[in-house]
Amino acid sequence: MPGTLYLVATPIGNLQDITLRALDTLRLVDLIACEDTRHTRNLLNHFRISNQTISYHEHNEHERAEAFVERLARGESIAIVSDAGTPGICDPGFTIVRRASEIGAVIVPVPGAVAFVNALIAAGIATDSVFFGGFLPSKKGERRKRLDEVRGIPATLLFYEAPHRLAKSLTDCLEILGNRQAAVARELTKLHEEIARGTLSELLGKYSAASV
């Protein structure tokens with residue numbers, strides 16, 4: 001019988017947020033596949049886990065997935081982790097899940113932190129209907145086109161953005177989405193955690209000044 005593929009959520013900052021189930025899983029699997037082995041090794045060392053690790057990131061995802069499928073077919077167990085949060089959410093995971101399902105492997109999610117969910121619940125914005133759009137495009141034209149595509153969705157919109165592009169993206173959001181209520185969350189669960197709330201124009205003023 002094929003083995004088991006575990007999708008293990010890891011902390012997005014504070015290491016104490018990892019679950020007991022995640023720790024047990026990482027100790028018991030035959031292999032841990034991670035975006036950055038050095039980053040994950042810091043987590044494993046903190047909890048005294050010495051299991052084997054191997055890189056699994058956007059540049060080798062398809063090649064590694066085939067190798068993992070072969071191991072799953074032999075009955076081995078593999079855990080997929082990202083550098084932070086839940087694998088498959090703006091991180092590698094989709095390809096191996098699809099391939100593992102094709103061979104009949106058991107696929108087990110081990111839940112934990114998701115950055116956009118934590119940002120949402122602390123933002124003070126409606127949570128009954130949400131749309132998560134992942135990372136906004138880095139190029140201005142593509143970013144504005146994407147925002148225009150989603151502006152009519154009757155839901156709270158959530159996006160990831162790099163710090164150095166935040167002011168530019170807030171400018172585009174204000175011009176395309178209107179001066180709606182919004183929030184910017186950064187460094188969640190870490191020492192300098194910040195959640196700024198206000199209208200888009202207020203947030204743009206704050207983060208434009210901060211970037212000068």
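Helix H3 passes helix H4 in a right-handed crossing, a crossing being right-handed if the near helix is turned clockwise from the far one by less than a right angle, and left-handed if anticlockwise. The axes of H3 and H4 come within 9 Å and cross at roughly 35°; axes are lines fitted to C-alpha atoms, for helices over the stretch in contact, and angles run from 0 to 180 degrees between N-to-C directions. On the H3 side the contact is made by Glu 61, His 62, Ala 65, Glu 66, Phe 68, Val 69 and Leu 72. H4 contributes Phe 94, Thr 95, Ile 96, Arg 99 and Ala 100. Contact here means heavy atoms within 4.5 Å.

The model is predicted, so local features need pLDDT of at least 70 and side-chain atom pairs count only at pLDDT 80 or more, while totals for chains, interfaces and linings use all residues. Residues are numbered from 1 along each chain as its sequence is written, and side-chain values use heavy atoms, with hydrogens and water left out. Helices (H or I, at least four residues) and strands (E, at least two) are DSSP runs, numbered from the N terminus.

Five strands form an open sheet in the order S3-S2-S4-S1-S5, with parallel pairing; two strands pair if DSSP finds at least two bridges between them. Strand S3 (53-55) and strand S5 (106-110) are the edge strands, each pairing on one side only. From one strand to the next, the twist averages 25°. Within the sheet, strand S2 (residues 31-34) and S4 are joined in the parallel sense over four bridges, and Ala 33 has Ile 80 of S4 as its bridge partner. Helix H3 (residues 61-73) packs on this sheet and touches strand S1 (4-8), S2, S3 and S4. The direction of H3 makes about 150° with that of S4. H4 lies across S1, S4 and S5, and runs at about 155° to S1.

Ser 82 lies in the loop between strand S4 (78-81) and helix H4 (94-102). Why does Ser 82 count as buried? Its relative accessibility is 3%, and buried means under 20% relative accessible area, with exposed over 50% and partly exposed in between (1.4 Å probe, protein chains only). A polar atom of the Ser 82 side chain lies 3.0 Å from the backbone oxygen of Ala 84, and the side chain of Ser 82 also reaches the backbone oxygen of Gly 85 at 3.4 Å. Beyond its neighbours within four places in sequence, Ser 82 is in contact with Thr 10, Glu 35, Pro 87 and Asp 91. Asn 60 is in the loop between S3 and H3 and is buried, with a relative accessible area of 10%. A polar atom of the Asn 60 side chain lies 2.9 Å from the backbone nitrogen of His 57.

Leu 44 belongs to helix H2 (residues 37-46). At 0% relative accessibility, Leu 44 is buried. Leaving aside neighbours within four places in sequence, Leu 44 is in contact with Leu 26, Ile 32, Ile 49 and Thr 53.

A further helix pair is helix H6 (residues 140-150) and helix H7 (residues 166-177), which pack at an angle of about 40° with their axes 10 Å apart. H6 and H7 are therefore oblique to each other: angles under 35 degrees count as roughly parallel, over 145 as roughly antiparallel, 65 to 115 as roughly perpendicular and the rest as oblique. H6 passes H7 in a right-handed crossing.

Note on methods. Polar contact = N/O pair within 3.5 Å; in protein donor to acceptor, adjacent residues only side chain to side chain.
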